[in-house]
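Visitor: I want to learn how to read a contact between two chains. Where do we start?

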Amino acid sequence: MRDLTNNKPKCLLPVGNIPLIWYPLSLLEREGFKEVNVITLDVQHAEVKKAVDKLGLKLDVKFHTIRESDDLGTADALKKVAIYGEWKEDVIVMGCDLVTDQSLDEMIKLHRTTGAGMSAFFFPSIPESTSVPGPKSKIRTDRDLVVLDKHNRLLMLTSAMDHDENMSVRMRILKKFGRIDIKSRLTDGHFYILDNRVWNFIISEENSDMSLKGEVLPFIIKQQFSHLNKVVHKESKVEPKRLSVDIDDEQETEETHKFFKHFTLDELQNLTDLYNGYNNHPDSTYGRYLDDRLRCFAIIAPSGSSFKVNTLASYCEVNRQILLAENWERFAKSKPLVRVDPSCGSKTKKIESSLVGANTQIGEGVKIEKCSIGSSCIVEQNVTLSGCIIMDGVTIKEGTVLTDCLISDKANIGTNCDLKSCLVDAKFSVPSKTESSSKILSGVLMSTE
Amino acid sequence: MPPKDKEILKEKEVLQAVVVDDLLSTDFPFSGPKGLLRLANVRLLDYTLSCLSAAGVEQTLVYAAQGSEQLQEHVRASGWGEPGAMAVQVVACQGSLTFGDLMRELDARNAIQGDFFLLTADTVCTADLRPLLLRHRATCARDKNAVVTLAFAQAEPQHAARTEPKQLLLGTAASGRVLAHQRLDPDARNLDLPLDLILQGPGVELRYDLSDPCLAVCSLAVPPIFSDNFDFQTRDDFVRGLLLNEDILGHTMYAHILQDEYASRAHSLPSYLATSVDVIRRWTFPLTPDVSLSQVDRGYRLDVVFNICKQSDVSIGRSDVEDCVIGEGSVIGDNCRLRLCVIGKNCVIHDDVDLCGAVLWDQCVVKKGFKKSHFLAPERTVLSKNNDKSISVKVEERMDSVDSDTDSSEDEGEAADEVDEYENFFNEVQDSLERGFGEKVNTDDLVVEINSSRFANDIPANEVSLWVSKVVLGLPAALKKPPKDVLAYFRPILRKYVGKASADHLNCLLALEEVTAEGPAEAAKMLTLLYQMDVLEEDTIVEWFEESAGQQLRQQANMRKFIEWLQTAEEESD
């Protein structure tokens with residue numbers, strides 16, 4: 001992914017010829033949000049703002065910038081921009097790289113029915129065999145290990161990289177839940193619905209962790225098993241008893257106490273719990289939700305419904321998928337599908353299942369199949385393109401054949417080239433008659449040669 | 001009949017089942033084969049055979065490690081093998097001791113024709129086994145390496161049926177394939193799973209909510225696996241061996257979870273008692289005594305109001321009896337309270353007896369006023385307050401489950417026993433010390449005597465000091481001698497048993513308080529003596545006086561004087 005984001009902020013990479021950030025923003029707009037806070041790096045602010053303004057969204061988009069040099073984690077960044085003080089409502093935190101056809105409304109409903117402190121959004125990962133332009137890397141991608149109970153309660157969230165040979169599961173979790181599921185093929189959509197109490201903890205001074213995914217969320221998930229996490233009724237003002245002495249309890253840090261300080265006694269909620277006949281664990285001796293105050297849930301989308309565009313593989317896959325009319329319908333609901341922009345000067349009729357952006361010139365005898373081509377490109381005569389992603393301002397000279405390639409902005413490809421599964425860097429000129437496959441063609445490399 | 005059932009019937013081969021009757025746990029005071037052990041007054045084998053018969057099994061092979069003649073006789077008498085019934089063949093395997101041995105014997109005899117049910121004689125299961133067989137066949141069609149489908153019943157972690165000290169953890173893939181099988185140490189904090197196991201597929205489902213009834217469907221390939229691996233002794237060895245050597249042996253296993261059906265195993269005393277309760281409470285219906293599982297143990301009638309299953313000739317006095325199974329000719333007296341009990345044939349229960357969760361085999365006698373819960377009394381046992389030969393189970397082994405009812409009632413039962421032992425110990429020690437003082441016996445010899453009666457009565461080490469102090473401090477009054485002489489003589493004994501631990505010192509002070517309860521005036525005198533003889537230390541005495549000494553002692557002028565003196569002495573020495 002680095003090869004693409006060197007020259008362009010990730011959120012502006014085109015997916016189906018629209019900048020990536022349009023997908024989450026339009027999702028929010030569709031579901032009735034009026035205001036969105038976007039956090040960007042200061043160096044990218046101007047570029048992103050310009051692009052977002054062009055998208056024509058009705059949303060009020062507020063930008064917040066953080067300094068690139070500070071190298072902040074997500075949690076830190078949230079703290080910087082939490083200008084409103086304590087919030088009374090739940091908060092959604094999401095990355096700019098989520099493309100999904102799932103209904104936000106449904107997710108929020110699920111979050112509210114379960115009374116979750118945090119709901120995280122997951123979907124099945126794209127298969128590892130997905131083809132990617134550039135050299136075949138043998139580095140195994142990191143996987144999230146997601147531990148769920150049978151009601152999709154989120155019990156653990158770690159990364160396979162954090163473990164050596166064994167993954168360790170606490171017996172307490174097993175004893176409490178009886179049946180747990182460890183999933184290794186789910187992708188975290190970086191879409192979290194946070195209860196305002198959890199949110200207020202994250203933005204408070206007491207939270208010293210920097211990374212949201214790596215530190216803060218695992219900490220919150222772990223607090224579900226703290227002995228402080230018991231429903232306390234007004235009648236019994238006694239501190240909840242510890243059933244057995246557990247080392248984990250002894251090690252329970254001040255942080256746990258600080259965390260639960262945000263979970264003040266909610267009398268109305270307690271009454272609701274007390275008089276509610278519903279119990280999602282009818283076989284157990286516990287009350288509903290096992291008498292826990294804080295509970296984290298996972299929302300799991302079906303396969304193929306969502307993409308997290310943070311790897312080259314998923315970027316290529318989502319671009320491939322969105323070319324199908326029915327997928328376009330799903331992911332870009334509000335935007336009508338325009339295959340070839342009317343402003344194009346196209347002299348060929350052989351364009352199949354592709355997208356062509358504005359002001360792109362296409363010469364005679366060109367064959368285009370399953371490609372997305374950006375705006376202001378020039379495709380000369382007798383070029384054959386198949387399965388390619390071509391960004392803006394690219395020039396492809398005559399007679400060239402490109403298969404499954406990814407061509408960045410303003411690249412220049414000479415005559416009679418034959419490239420397969422190659423990645424061409426921005427503003428790079430590929431000499432004429434180059435034949436290559438599974439390579440990265442980049443200016444940096446050329447200069448070292 | 002659904003079409004799936006027809007498929008089974010169409011099979012040309014005979015549907016077989018193998019019942020392994022391995023050696024009974026030594027918990028049980030029973031020398032016969034496992035299958036003839038009685039669960040709620042009905043032989044275990046009849047539960048197993050009824051279940052197999054209901055599943056349409058045509059031939060059942062019982063591989064018996066011992067008592068095959070008795071088994072054969074029972075099978076004949078109970079009507080198995082009669083025309084129209086399932087054929088049952090008992091195979092004697094002399095010299096075979098374990099599950100593995102019997103499976104090797106099975107392989108040697110080459111008696112298996114195809115897929116077969118494999119279970120132990122102590123399996124009690126009401127589930128329909130046909131879906132299990134169909135599932136196994138479907139799995140084998142999909143995965144050529146599949147050899148076994150293991151059946152498990154559901155039991156949440158707090159479930160009463162979970163009697164095993166080491167509980168089962170099963171890891172399965174989405175297809176039901178078994179990836180991990182462990183018995184977890186109850187004290188373990190963490191469970192370590194190999195990362196490869198998790199990453200090789202879309203994930204692992206960990207099941208800690210299962211109980212293992214030792215029931216499976218096996219393919220033809222299973223008996224030879226036992227022959228090839230001589231170290232497989234139990235079924236767990238087999239399962240673990242297959243998992244461990246999956247690369248070499250190339251066999252796979254699948255798990256089938258029985259939904260909402262009863263399946264358990266009565267292989268140890270706790271599980272036997274738990275299963276008894278399940279039978280009484282009729283979770284195992286239709287496998288209950290009143291259904292006449294065989295022609296031997298029959299004639300039970302159910303009293304629906306109080307859930308009492310009894311044979312003829314049972315006489316119950318004016319007693320509170322509920323949820324019981326009572327055998328022929330038993331007599332229950334007046335004013336008794338019986339709950340969840342199994343009572344064998346010709347038992348006599350006298351008045352004022354209180355039993356809960358008890359299992360009495362034939363011809364037991366329970367004497368008046370006996371009170372106990374959760375135990376097994378073998379045949380012809382006579383139970384009375386002073387003579388209790390029953391075998392109890394400690395329920396406390398169960399993890400977190402807080403079952404206050406059973407725990408507290410059991411404690412009462414134990415407390416009653418302990419009193420007897422302590423009295424014995426006290427009397428024995430008093431006798432030997434009185435004699436020792438009279439005859440001037442060497443105190444070392446007295447120590448030997450005390451120790452032997454301590455072990456005979458099973459007195460915990462931390463309580464010895466209390467009882468010995470009680471005896472010694474009580475002696476001056478008993479012998480009518482001045483305390484100074486008596487204590488001086490027994491000083492070595494006190495020094496030995498009271499020792500240096502502060503808990504023992506407190507015990508000694510407690511004994512002092514108890515002994516001098518009637519004449520508090522003596523207390524100060526004796527305390528002074530004990531202090532002077534270096535048996536007790538000033539710190540402990542002061543601490544005890546301020547924190548735990550009784551009101552009577554506090555008001556004693558002498559006592560207060562002594563304590564004050566001690567305190568000043570302490571300050572001076574500081």
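Guide: With the residues on each side. This is a predicted model. Chain B brings 29 residues to the contact, and chain A brings 31 residues.

Visitor: How much area do chain B and chain A bury between them?

Guide: About 2700 Å². Carbon and sulfur atoms hold 52% of that area. On the chain B side, B:Arg189, B:Leu195 and B:Leu199 lose the most area to chain A. Together they make up 24% of what that side buries.

Visitor: Next, charges. How many salt bridges are there between chain B and chain A?

Guide: Look for a side-chain nitrogen of Lys or Arg within 4 Å of a carboxyl oxygen of Asp or Glu. The count here is 2 salt bridges. One of them pairs B:Glu156 with A:Lys150. Their closest N and O atoms are 3.7 Å apart.

Visitor: And how many residue pairs are in polar contact between the two chains?

Guide: 15, counting pairs with both residues at pLDDT 80 or more.

Visitor: Which elements of chain B supply at least two residues each to the side that touches chain A?

Guide: Strand S11 (190-194), helix H6 (195-199) and strand S12 (203-207). By class, that side of chain B has 16 nonpolar, 6 polar and 7 charged residues.

Visitor: Which residue in S11(B) is the bridge partner of A:Val169?

Guide: B:Leu191. Find that pair in the structure, then follow the strands from there.

How values were computed
Residues are numbered from 1 along each chain as its sequence is written. Chains are lettered from A and ligands numbered from 1 in the order in which they are written. This is a predicted model: local features need pLDDT of at least 70, side-chain atom pairs count only at pLDDT 80 or more; totals for chains, interfaces and linings use all residues. Side-chain values use heavy atoms; hydrogens and water are left out. Contact means heavy atoms within 4.5 Å. Buried area is the accessible area (1.4 Å probe) that two parts lose on being put together, summed over both. A polar contact is a pair of N or O atoms within 3.5 Å; within protein, one must be able to donate a hydrogen and the other to accept it, and residues adjacent in sequence count only if both atoms are side-chain atoms. Helices (H or I, at least four residues) and strands (E, at least two) are DSSP runs, numbered from the N terminus. Ala, Val, Leu, Ile, Met, Phe, Trp, Tyr, Cys and Pro count as nonpolar, Asp, Glu, Lys and Arg as charged, and the others, Gly among them, as polar. Two strands pair if DSSP finds at least two bridges between them.
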